[in-house]
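Subject: Structure handover

Hello,

Please find the structure below. My notes on it come after.

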Amino acid sequence: MTQDSFEKACDRLSQIVDATQFERLRWARREGPMLTRLTELTQAAVAQRPDFELTDEGSRNDTRRYVVKIHGTRVIALKLTLAVPRVTVEAEPIERSRYHLAPGEPVTADYDAVDEAWIAGAFDTLFARVQVAAA
C-alpha cells in the first residue's frame, strides 16, 4: 500500500466517523496553509510602502479581504479567494471611499503559479482600475 493510498483510506474512515470534524481537519491541512501563504504574499507586496496599509475586513474561511488605505484614506478592497486549485484576486469598491473601479475581470491563476511576482502583477492590474469618483 502506497502512502497516498493509505492517506485516502485514513481520510475515508475519518469522514465516516465524523464528517464535520474531518472537514475541519482537512481544511486545516490543505487550504489553511495555502491561505496563510496568500496572506503573507499580500502583506509582503506592500511592506516597503509606508503609504499603504492593508486592513483585514470581511475575511472568511476561503477568502481574505483587505481594505487598502493609502495615506490613511480608504480606497478599495482586495479580495483573494481560494477555490483549489485556483486563486482569484479582485478589487471591490468600498463604502466611505471617494474612489470607484473601472470595469475589469478578476485576476486568476493556479495556486502553484502564485508567487511574489504574480501577486505584484495582479495588484498592478487591479490598482490601474482605481479612479476618482466624480463629485
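This is a predicted model: local features need pLDDT of at least 70, side-chain atom pairs count only at pLDDT 80 or more; totals for chains, interfaces and linings use all residues.

Residues are numbered from 1 along each chain as its sequence is written, and side-chain values use heavy atoms, without hydrogens and water.

The chain has 4 helices and 7 strands, where helices (H or I, at least four residues) and strands (E, at least two) are DSSP runs numbered from the N terminus. Their order from the N terminus is α-α-α-β-β-β-β-β-β-α-β. The radius of gyration is 18 Å, well over the 14 Å that the globule rule gives for 135 residues, so the chain is more spread out than a compact globule. That radius is taken over C-alpha atoms, and the rule is 2.2 Å times the number of residues to the power 0.38. The C-alpha trace spans about 65 × 30 × 25 Å along its principal axes.

Of the 135 residues, 36% count as buried (under 20% relative accessible area; exposed is over 50%, partly exposed in between; 1.4 Å probe, protein chains only).

Most residues other than glycine have a negative phi, and most peptide bonds are trans. The bond joining V84 and P85 is cis, with omega about 10 degrees; P85 lies in the loop between β3 (73-83) and β4 (86-92). H71, in the loop between β2 (63-70) and β3, has a positive phi near 55 degrees and is exposed at 64% relative accessible area. R96, in the loop between β4 and β5 (99-101), has a positive phi of about 65 degrees and is exposed at 67% relative accessibility.

Regards
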